[in-house]
2 protein chains.
Amino acid sequence: MPRSLFLPHIEAMSGYVPGEQPRGGTLIKLNTNENPYPPSPRALTALVAAAGEGLKRYPDPLGTVLRTAVARKHGVDPSMVLAGNGSDDLLTIVTRAFVGPGDVAVYPEPSYILYQTLLEIQNARAAVASFRDDWTLDADAFATVARGARLVFLANPNSPSGTTLSPAQVAAIAARLDCPLVVDEAYADFAETDCVALVREYPHVIITRSFSKGYGLAGLRLGYLIARAEVVEGLTKVKDSYNCDALALAAGAAALDDQPYLATTRARILATRRRLADALPALGPAVPASAANFVWWPLGAAAEPTYRTLKDRGILVRLMRYPGRPDGLRITVGTDDEIDQLLAELRQIMT
Amino acid sequence: MPRSLFLPHIEAMSGYVPGEQPRGGTLIKLNTNENPYPPSPRALTALVAAAGEGLKRYPDPLGTVLRTAVARKHGVDPSMVLAGNGSDDLLTIVTRAFVGPGDVAVYPEPSYILYQTLLEIQNARAAVASFRDDWTLDADAFATVARGARLVFLANPNSPSGTTLSPAQVAAIAARLDCPLVVDEAYADFAETDCVALVREYPHVIITRSFSKGYGLAGLRLGYLIARAEVVEGLTKVKDSYNCDALALAAGAAALDDQPYLATTRARILATRRRLADALPALGPAVPASAANFVWWPLGAAAEPTYRTLKDRGILVRLMRYPGRPDGLRITVGTDDEIDQLLAELRQIMT
C-alpha cells in the first residue's frame, strides 16, 4: 500500500490544522487574524496591471521589485531580503537549511503551532521554554534550554498571547545563543517596536514578515525575511527557484510603498483593539496587553462552550488549548461593527 | 559566522540555477520553455475578478475550485488531486515525504536538473540510469538501478530531449518498482499520450502537471499532482497549509475549463515545432522527435559558440551540457515569427 511508502516520521505525524476557513456565508470571521479592511488600492491596481500576457513568463527568481521595496521601508540592503510564498514558506526554508533529522530546535510555549509541525516534517525534535505567567521570558533560562539547539523560533508579537518582548529583551536572548534566532514578526505591523535593527548587531538573527496581517493580503501568499546577505544567499539555495509569483511580487511592492494606507488601517485596528480589551474584563478575565491584531482571552473552562455558542450565533473565534494553561479564545480584532456584535453576544452569553 | 550555522550539506551544495530570466529588452526568449502565446482570456478574467477585497482572507487550503476543475478534465476524483505552487513545489513535497537523508532516489539521465538539487537539499543520494542513444529506457536495467531506492523521477516528455515514453513503457517501469514513481508531466500538454490512467492501476504512481507550459501561466506558479487519495492525504501533511494563493487557484481553474483555448495554442505550437524540426537538419544534426514545446539540438562542440552568437544577436536559447553526451541547445518553440528569425540567424551562422 502506498501509505507505507512514506517516510516513517511523515506517516506518524498528524499534520498542521489551520484555523477554519468557511467558504461563503455571513459568518463574522475573527479566528485567523486576517485584516478586516481591504488591501491597499495601489496593491490591487498593481495586481490588475500584472494580470496580463506577461504571466506567460517566469517571474524574477529573486523578486527584485519586492526586495527593493523592503529595502526602502526598512533601510537595509536588498541583498539582505528574501521573498517567500507567505512567511510560512520562509519558516519552512529556514528549518530545512538549519535543522537536520534528530536535531533540536527551540521555541517558547505557547506559541505558533506550526513550528512543531515544521520540526516533525524534518524529523527533528522540539525543546520548549515556557513563557512566564506575564508572557515574558527569562533569557538565561531560555538560553539553557537552547544549548546545543540548531535553531530558535521566537514569535514576536507572540500568538496566542498578542504580547511582545522589547528589542532589548530579544537582544538579551540573541546574545546568549550560538544558533540562528528567527524572530517571527508576522504581527509586528501592529506593534510599537520591532527587531529589524538587531540584524546589524547579530549575524544569526533572522526576521520574518508577512503580508497576510498588516497588509490585508492573506489570499496572496507573500512574506519576506531580513537577514545578513550571506544568510540570505545560503537560504536561496533551499527555496524553490520561482517561489513567488509575478502578481504577488508586484502587489507586495505596491503595498509596501503605500505606507500611509497601512498607517490608516493600523490606527483603526489599534483603536478597536483598545475598545475590545477594555470591554472584556467586565465579562471575564482581562486580556494581556496586545501588540497584535488579536487578543487572548484565557476563559478556562468557559472557553469551549463560549466558542460553540458564538459559532452558533455566527461569530467564529479560535479556541486554543495548551497543556498546563487555561483554555482560551483568540479573538481577531475585526471592524468596530464586528466587535460590537461580538460584545453584544458575549454580554448575553456571559451574564 | 552565520554561514557555518547552515547544515553541512546545505553549506556544501551550490544550488539550482534556473535559466536566464532577463528583464525588459527585446530579446527573443527561447530558453525556458515558456508558452509564446498569452494565457486564456478566461484565466485573465478570473484573475481580475479575484483581485479585490477578498484577498484579505486566506485561500482555501486545499484549493477545492482547482481540484474540482482538474477532476473534471482528467476524470478522476477531487480527492486524488493536490495543488502546488508550481510543479516544483509538488516535486519538493514528494521528495520530503519519501526520501530521507542518506536514502537513494533515481532518475534517468540526462533529465530535469532540479531532481539532483532536491535530493541534495534532503541530504539524499541520486542514482542515475542512462537513456539509450534513442532516448528510450531499458525497463529491466532501470529497475535494477532503482532497487532499494525510495523514489523515482521520470520526466515524460523528458527535458532536454523532448522525447516521450509511451504509457506502456512507463507501465513496464512502474510494474518493476516498489517505491513511488513520479511521472513529471510538465510538458504532457504538448504530447499525444499521458500516464494519468496508470494511477488507477499502480498505487505508487504519481503524476505532476504544470500551468507554466501548456497554459502559458509560468508567472502565476501553479501545478497539480494526481495520485491515489491516500497518497494525496499523506502529501498534504508536508505541504505549506496555504501553498497556493487565491488568484492562482481561480485562474488555474478557469484555464483548465477553457480547453478549446489550450487546443488552439497547442496546435499552433505543434505546427511551428514541426517546421523547426524539419529545418534544423539542413543546418546541423537532426533533433529527436519532440513531444514537448522545445527541441533538443545536439550540436556538440558547435553548441557553445552558436549559443553565444545567437545571444549576441538577441536570441536566447539554452546551452546544456551533460557528461558523456554532446553539448546541445534546447530551443523553445516560439511563435512562427520568432522561429523564422532564429532560422535566419542560424543560416547565417552555420553556413
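This is a predicted model: local features need pLDDT of at least 70, side-chain atom pairs count only at pLDDT 80 or more; totals for chains, interfaces and linings use all residues.
Residues are numbered from 1 along each chain as its sequence is written, and chains are lettered from A and ligands numbered from 1 in the order in which they are written.

Chain A has a domain 1, made of 2–30 + 260–350, and a domain 2, covering 41–258; these bounds come from an automatic or database domain assignment. Between the C-alpha centres of the two domains of chain A there are 23 Å. Where the domains of chain A meet, 26 residues of domain 1 are in contact with 26 residues of domain 2 (contact: C-beta atoms, placed from the backbone, within 7 Å).

On the domain 1 side of chain A, two or more residues each come from α1 (8–12), α11 (259–279), β9 (294–297) and β11 (328–332). Helices (H or I, at least four residues) and strands (E, at least two) are DSSP runs, numbered from the N terminus. With seven residues, α11(A) supplies the largest share of this side. By residue type, this side holds 17 nonpolar, six polar and three charged residues. Here Ala, Val, Leu, Ile, Met, Phe, Trp, Tyr, Cys and Pro count as nonpolar, Asp, Glu, Lys and Arg as charged, and the others, Gly among them, as polar.

Turning to the two chains, 68 residues of chain B are in contact with 68 residues of chain A. The chain B side draws at least two residues from each of α2 (41–50), α4 (87–98), α9 (229–236) and α10 (246–257) of chain B. Of these, α4(B) gives the most, six residues. The side of chain B that touches chain A comprises 35 nonpolar, 17 polar and 16 charged residues.
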